[in-house]
Amino acid sequence: ELGALSNTDIADLCASFQHAVTESLNDRITRSLIRYKNEVACQAPTLVVAGGVAANTAIRQMLEETCREYGFSFLAPPHELCTDNGAMIAWAGLEHLAAGAETNFDEIPRPRWPLDGESTPLVGSGKKGAKA
């Protein structure tokens with residue numbers, strides 16, 4: 001077929017795209033880590049990633065190297081848990097239980113919960129309904 005891409009062409013395009021995304025993320029993450037260190041007094045800063053970002057080996061490796069270079073710890077779920085949000089939520093729950101956290105299970109889950117109780121809620125965090 002005229003103009004059809006070979007498997008090598010497709011692999012090269014995919015690798016080039018992944019490289020471009022990784023470089024772009026590295027630029028933004030580096031600036032964010034530097035800004036964080038300059039503005040926040042934290043003895044042991046940690047970058048936490050999850051989901052598809054943590055599942056991509058090239059991106060994950062870049063993040064680990066960048067964290068090491070700027071004095072940050074890097075934390076991500078195991079690769080096998082990075083592709084399923086339900087598995088990641090269950091993993092987070094197990095980590096909380098292992099750390100001694102307790103719950104009476106009366107919380108109503110919301111997808112826009114802040115990461116901790118001291119965080120300012122995100123815009124839209126109080127919405128009700130199907131997209132809350």
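# Briefing on a predicted α/β model

Read along the sequence, the protein follows the pattern α-β-α-α-β-α. The structure is a predicted model, with four helices and two strands. Its mean pLDDT is 82, and 80% of the residues reach 70 or more. The points below cover confidence, overall surface and contacts, the nonpolar core, a nonpolar surface patch and the salt bridges.

**Confidence by element**

- Helix 3 has the highest mean pLDDT among the elements of the protein, at 95.
- The lowest mean pLDDT among the elements, 80, belongs to helix 4, which spans residues 85-98.

**Overall surface and contacts**

- The protein has 132 residues, of which 18% count as buried.
- Its accessible surface comes to about 10300 Å², and carbon and sulfur atoms account for 56% of that area.
- Of the contacts with a separation of 6 or more, 55% are between residues 24 or more positions apart.

**Nonpolar core**

- In soluble globular proteins, nonpolar side chains tend to be buried together.
- The largest nonpolar core in this model comprises 12 residues: Ile29, Leu33, Leu47, Val49, Ala54, Ile59, Met62, Leu63, Cys67, Phe72, Ala76 and Cys82.
- Two or more residues of this core come from each of helix 1 (7-39) and helix 3 (57-69).
- The greatest contribution to this core is that of helix 3, which supplies four residues.
- Val49 belongs to this core; with neighbours within four places in sequence left aside, Val49 is in contact with Ala54, Leu63, Phe74, Leu75, Ala76 and Pro77.
- Among these contacts of Val49 are Ala54, Leu63 and Ala76, which are also listed in the core.

**Nonpolar surface patch**

- Leu5, Ile10 and Leu13 form a nonpolar patch on the surface, and together they have about 280 Å² of accessible area.
- Ile10, one of the patch residues, is located in helix 1.
- Ile10 counts as partly exposed because its relative accessibility is 39%, a value that falls between the 20% limit for buried and the 50% limit for exposed.

**Salt bridges**

- Side chains of opposite charge can pair when their charged atoms come close.
- A search of the whole structure finds three salt bridges.
- Asp27, Arg28 and Arg31 are linked in a network of salt bridges.
- Within this network, Arg28 forms a salt bridge with Asp27, with the closest N and O atoms 4.0 Å apart.
- Asp27 also meets the side chain of Arg31 in a salt bridge, at 2.7 Å from N to O.
- Arg31 and Asp27 both lie in helix 1 and are four residues apart, about one turn of the helix.
- Arg28 has a relative accessibility of 46% and therefore counts as partly exposed.
- Asp27 is likewise partly exposed, because its relative accessible area is 36%.
- Arg35 and Glu39 form a salt bridge in which the closest N and O atoms are 3.0 Å apart.
- Both Arg35 and Glu39 lie in helix 1, with a spacing of four residues, about one turn of the helix.
- Arg35 is exposed, with a relative accessible area of 55%, and Glu39 counts as exposed at 56% relative accessibility.

Terms used
Residues are numbered from 1 along each chain as its sequence is written. Side-chain values use heavy atoms; hydrogens and water are left out. A nonpolar core is a set of buried Ala, Val, Leu, Ile, Met, Phe, Trp, Tyr and Cys residues joined through side-chain atoms within 4.5 Å. Buried means under 20% relative accessible area, exposed over 50%, partly exposed in between (1.4 Å probe, protein chains only). Contact means heavy atoms within 4.5 Å. Patches are made of residues with over 30% relative accessible area and no salt bridge: like charges are joined within 9 Å, nonpolar side chains (Val, Leu, Ile, Met, Phe, Trp, Tyr) within 5 Å. Accessible areas come from the Shrake-Rupley method with a 1.4 Å probe; for residues, only the protein chains shown count as cover. pLDDT is the predictor's confidence in each residue, from 0 to 100.
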